[in-house]
Amino acid sequence: MIATAAAVAFVVFSCKSKLSVAEKLAMDETPFQIVDSMYVIQSKDGKLQMRIKAGVMERYHRDTMELELFPKGIEVYTYTEDGLLEATLEADNARHENRKNKSEELWMAFGNVRIHNIIKQETIETDTLYWDRAKGEIFNDCYVRLFSPDGFIQGYGLKSDDKARNSIILNPFNNYFMVVQDTTKVAIDSVNFIGPLLKK
C-alpha cells in the first residue's frame with residue numbers, strides 16, 4: 001500500500017513539474033508550425049508566377065500579424081506573363097510579415113542578397129532588401145551593387161519593381177559604363193532558350 005501511494009505521488013509530482021515548464025513558454029516566440037525543405041508554387045489562370053524554396057520555414061502567430069522566418073535561406077523564382085523565368089533572388093535569411101488589420105504584406109531578405117534578372121542580364125547584390133508585395137516594389141537604404149551589360153553602378157539605396165525590371169540606385173558613386181558597344185552582338189537567354197537560332 002505504501003509503495004502504491006509513493007508511485008501515485010511520483011506521477012502527480014512528475015506531471016506537475018512538466019506543466020509548470022509548459023506554462024513558462026512564450027507562445028509569441030514559439031513556432032506553431034515548422035516546415036522542412038519548403039517548396040511553394042504560385043500560379044494564376046494556369047500560368048506559373050512564382051516559386052519559393054527554403055530549407056526551413058517557421059511560422060508564428062502574433063497579436064497583429066502572422067510571421068514566417070526562413071533561418072536557413074530562401075530562393076525565389078519569378079516568371080513573366082508568358083511563363084518565362086525572369087528573375088531569381090537568393091538570400092541567407094528571410095522574414096515574411098503579414099499584418100491582419102491593415103492587410104500589409106512585407107518580405108525581408110538578409111545576408112548575401114542577390115537578385116538576377118535573366119532577361120535583362122542584370123545582377124543586384126546587397127545585404128538587406130525589402131519587398132512590399134501590395135505595391136509591387138523592392139527597396140532598401142543600404143549599400144548596393146548593380147552589374148549590367150552597360151556597366152557597373154554602386155551606391156546607397158535601391159528602388160525597383162518586384163521583378164527588377166527598372167532598378168534605380170538612389171545615391172550612386174564611383175560608377176563606370178560601357179560607352180562603346182557592339183551593336184551586332186546577340187544576347188541569348190540561355191535559361192529560357194529552346195532550340196537553334198533561326199536565320200533571318
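A salt bridge here is a side-chain nitrogen of Lys or Arg within 4 Å of a carboxyl oxygen of Asp or Glu. By this rule the count is 8 salt bridges. The model is predicted: local features need pLDDT of at least 70, side-chain atom pairs count only at pLDDT 80 or more, and totals for chains, interfaces and linings use all residues. Residues are numbered from 1 along each chain as its sequence is written, and side-chain values use heavy atoms, with hydrogens and water left out.

**View A. The salt bridge between R59 and E68.** The closest N and O atoms of R59 and E68 are 2.7 Å apart. Accessibility terms follow relative accessible area: buried is under 20%, exposed is over 50%, and partly exposed lies in between (1.4 Å probe, protein chains only). E68 is buried, at 13% relative accessibility. R59 is partly exposed, at 23%. Side chains of opposite charge can pair when their charged atoms come close.

**View B. The salt bridge between R165 and E81.** Here the closest N and O atoms lie 3.6 Å apart. R165 sits in the loop between β10 (151-161) and β11 (168-177), and E81 in the loop between β4 (74-79) and β5 (85-91), so the pair ties together parts that are 84 residues apart in sequence. Strands are DSSP runs of E with at least two residues, numbered from the N terminus. R165 is partly exposed, with a relative accessibility of 27%. E81 is exposed, with a relative accessible area of 54%. Salt bridges link E81, E86 and R165 in a network.

**View C. The salt bridge between R133 and E105.** The closest N and O atoms of this pair are 3.4 Å apart. R133 lies in the loop between β8 (122-132) and β9 (137-148), whereas E105 belongs to strand β7 (residues 105-117), so the pair ties together parts that are 28 residues apart in sequence. R133 counts as partly exposed, at 27% relative accessibility.

**View D. Strand β7 and its pairings with β5, β6 and β8.** Two strands pair if DSSP finds at least two bridges between them. β5 and β7 run antiparallel and are joined by 4 bridges. In this pairing, T88 stands opposite H116 of β7. Strand β6 (residues 93-99) also pairs with β7 in the antiparallel sense, over 6 bridges. E97 stands opposite L106 of β7. β7 and β8 are antiparallel too, with 10 bridges between them. L106 faces D132 of β8 as its opposite residue.

**View E. The hairpin of β7 and β8.** The two strands have 4 residues between them. Q121 is found in this loop between β7 and β8. Phi of Q121 is near 55°, a positive value in a residue other than glycine. Q121 is partly exposed, with a relative accessible area of 34%. Most residues other than glycine have a negative phi.

**View F. S37 and its positive phi.** S37 is a residue other than glycine, and its phi is near 50°. S37 is found in strand β1 (residues 33-44). At 61% relative accessibility, S37 counts as exposed.
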